[in-house]
Amino acid sequence: MFAHIFRYRLKCLLRDRETIFWTLVFPLILAVLFNMAFSNLNKVEGFSPIDIAVVDNRQYQEDQYFKMTLKEVSQGDDRLFNLVVVSEDEANKLLNENSIAGYIVVEDSVKLVVNQTGIEQSIIKSFLDNYIQTLSAVNSILTLNPAGGQELFNELGNRYQYIREVPIAKAEPNNILLYFYSLIAMACLYGSFFGMREINDTQPNITPLAARINTAPVHKLKLFIYSMSASILIHITEIFILLLFLRFVINVDFGTRTVYVILTAIVGSVVGNAFGAFISATVKKDENLKIGISICVSMVGSFLSGMMYQNMKYIVAKKMPLLSYLNPVNLLTDAFYCLYYYDSLEKYALNMSILLIFILAFCSGIYLMVRRRKYASI
Amino acid sequence: MPVFKLCFKILKKNMFLMTMYIVIFIVVSIIMAFASANEQKNLSSFTQEKRNIVFITEDSSPLVEGLKQELGKIANFVDIPDQTEALQDALYFRVVTYVLRIPRGFTEAFMRGEDVQVEKTVAPASYGNLYIDLTVDKYLNTARLYVNQLENLSLESLVERLRQDLSQSTVTELGRVHNNTGSNAYLKYYYNYLPYSLINILIFGMAELAIVFNNSDLRKRNACSPLSSKSMNLQYMLANVVFALLSWFITVAVCFALNFKKSLNMSTVYYMLNFFVFAICAATMSFMLGNLVNRGAITAVSNVVSLGLSFISGVFVPQEFIGSYVLKVASFTPTYWYVYTNDRIAELTQFDFEKFKYVLPGMLIQLCFALAFFSVAMVIAKKKRLS
């Protein structure tokens with residue numbers, strides 16, 4: 001009996017192109033899009049020089065050292081600035097036309113004029129701050145040791161790198177990974193489409209197929225479990241395809257604990273299926289509403305776990321920690337990230353146990369609601 | 001106008017799902033707009049918000065103290081025990097974004113002129129960390145100058161001199177016409193996120209209409225009605241246009257409702273205009289797609305198209321963070337030009353005709369897209385009618 005139902009259910013589900021699209025093709029498309037949009041986030045993009053002007057006045061012409069410094073950083077391929085030397089009126093005009101990010105006036109001290117505050121302006125200001133601070137140091141060194149002139153100027157050109165980045169554990173923290181992990185979590189929850197369909201196909205008031213099946217002399221619970229296993233098998237396979245695609249085509253790093261990653265994917269898929277079945281059993285209205293609710297939960301869940309906006313995850317963790325433990329998408333995302341990031345499995349185990357509790361709750365909910373349902377007349 | 005009325009009856013029937021989509025999209029757009037605007041504000045103002053960092057030192061000396069004081073100007077120090085797990089947690093949940101560790105014997109080696117380094121561990125993608133890096137590098141490089149030049153400088157006086165040197169800063173002046181991007185960032189981000197919602201809503205509604213009207217039985221029935229096909233088509237078009245206008249209006253109205261004060265300026269008018277141009281483009285595109293899909297595929301198409309366009313052309317991730325080859329591909333989509341124009345509007349400080357010319361090309365390109373979509377839609381519609 002099992003083999004028969006299982007086989008036909010597989011065939012039946014595989015021919016449902018819409019569900020296959022949402023559970024397999026859609027996450028794959030999203031993975032490609034994520035890769036296109038985020039591949040540059042962690043890299044330092046080629047820095048493009050900032051357009052600035054300096055006002056051509058007497059003080060500037062006399063300040064040889066400043067002139068030299070500015071000239072130095074405005075030359076070559078990896079220059080910091082594109083520099084023009086103009087009159088004050090001209091500089092103002094350029095600034096108002098947005099052709100330059102800001103202009104520098106040398107008076108008693110160095111002054112920066114800008115129209116807005118932005119990254120470029122901050123860089124100019126940092127550069128100028130650094131210049132006058134170094135100048136101040138040079139002046140005080142020269143008063144103490146007037147002989148050191150030439151040597152000192154030579155040394156100004158060498159800047160040492162005093163900071164070394166050390167990863168805290170074997171894995172480097174990587175934000176982009178979280179996007180991909182939450183994508184897998186979303187794909188897992190999309191398993192709800194399968195779960196939903198399974199329940200629909202046992203409810204004669206929803207589909208004619210269910211009406212036909214209900215007349216068959218088979219134990220309903222067994223029937224449901226058999227066909228549900230077909231659903232879960234298909235969905236787990238889909239999630240594996242997604243994992244393989246992410247790992248080998250997009251090169252997403254899952255850490256070294258492959259067995260646990262697979263286990264997480266399986267649990268995630270079961271959560272998704274159970275969730276869908278639960279919604280389908282609870283909501284007795286039409287199918288559109290069921291689909292609406294399940295999309296809504298998985299999308300809002302993904303959003304709260306940072307799939308669209310990364311900081312959302314931290315906002316939730318800080319302001320409403322409970323919510324981050326009630327959100328299955330977040331739990332799954334965290335489970336994957338824990339495997340990658342932490343050396344110990346403590347956090348991972350916590351996330352997984354909550355997920356298992358979810359599965360238990362959904363299953364008992366389904367059982368209580370679906371059992372012994374009778375249809376007097378349809 | 002029976003056809004026009006029918007169209008709105010069909011739309012009304014799908015009201016529930018559409019409203020649900022609208023509400024979800026708008027809530028998401030709003031949260032994202034507010035959050036990104038805040039981030040942008042922190043990123044761009046000269047007065048940096050203080051970052052939370054952990055300062056661990058295995059070496060105590062006036063030099064290290066001095067460095068800590070200097071860092072105190074731009075950072076708050078958080079006490080977290082020096083244990084891997086605790087630090088990992090703190091970085092993971094963004095309690096801190098930077099852990100700085102001064103190794104044992106640092107000062108001594110530094111004063112001897114040896115190559116020494118401090119160690120940092122950071123949470124990724126937090127741009128404010130750059131300022132911590134800069135401060136540490138500047139402090140130690142300046143100290144290095146003193147140490148190399150003056151042989152018998154005591155540590156205390158070195159630190160004192162460094163404190164004086166580093167307290168200097170550039171005078172900054174805001175120009176006459178200054179544009180406070182911080183407060184306008186909200187508008188820019190809100191409008192940048194809108195295409196995602198709008199494309200979804202429009203494809204959804206228009207495909208629904210097209211599917212009903214493309215039903216061949218219904219078309220045959222309509223053909224024998226006393227209404228001329230010209231009038232019928234015009235009414236159908238009109239319904240589509242009104243629907244697009246309504247969607248445009250609702251999304252813009254939400255922007256006003258949320259932040260009336262910030263929305264009352266010239267740039268809003270420009271944003272609205274640009275968004276209007278985009279709405280025309282999105283409407284023609286949806287009209288075209290609506291003629292192509294069948295009922296089962298509506299949600300799939302609307303999601304794939306809206307997400308695809310949004311991701312590659314800078315709706316979700318700002319264009320400056322997207323790789324150049326992706327942007328090249330994206331420049332063949334109207335959303336790219338919409339976001340491009342929005343970014344240009346955000347730069348504007350004056351709103352005369354000269355400046356209008358600066359944002360005009362992007363809008364014209366969108367109109368060209370609209371024209372292309374419309375022509376393709378017409379060809380498809382004609383083919384469908386003849387088949």
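**Figure 1. Contact between chain A and chain B in the predicted model**. 83 residues of chain A are in contact with 86 residues of chain B, contact meaning heavy atoms within 4.5 Å. About 8,300 Å² is buried between chain A and chain B, and carbon and sulfur atoms give 59% of this area. Buried area is the accessible area (1.4 Å probe) lost by two parts on being put together, summed over both. As this is a predicted model, local features need pLDDT of at least 70 and side-chain atom pairs count only at pLDDT 80 or more, while totals for chains, interfaces and linings use all residues. Residues are numbered from 1 along each chain as its sequence is written, chains are lettered from A in the order in which they are written, and side-chain values use heavy atoms, with hydrogens and water left out.

**Figure 2. The salt bridge between E119(B) and R164(A)**. The closest N and O atoms of E119(B) and R164(A) are 2.9 Å apart. The count between chain A and chain B is one salt bridge (a side-chain nitrogen of Lys or Arg within 4 Å of a carboxyl oxygen of Asp or Glu). Helix α6 (residues 119-144) of chain A gives the most to the side of chain A that touches chain B, with 16 residues. Helices (H or I, at least four residues) and strands (E, at least two) are DSSP runs, numbered from the N terminus.

**Figure 3. Strand pairing across the two chains**. Strand β5 (residues 163-165) of chain A pairs with strand β4 (residues 118-122) of chain B in the parallel sense, over three bridges; pairing requires at least two bridges found by DSSP. K120(B) in β4(B) is the bridge partner of E165(A).
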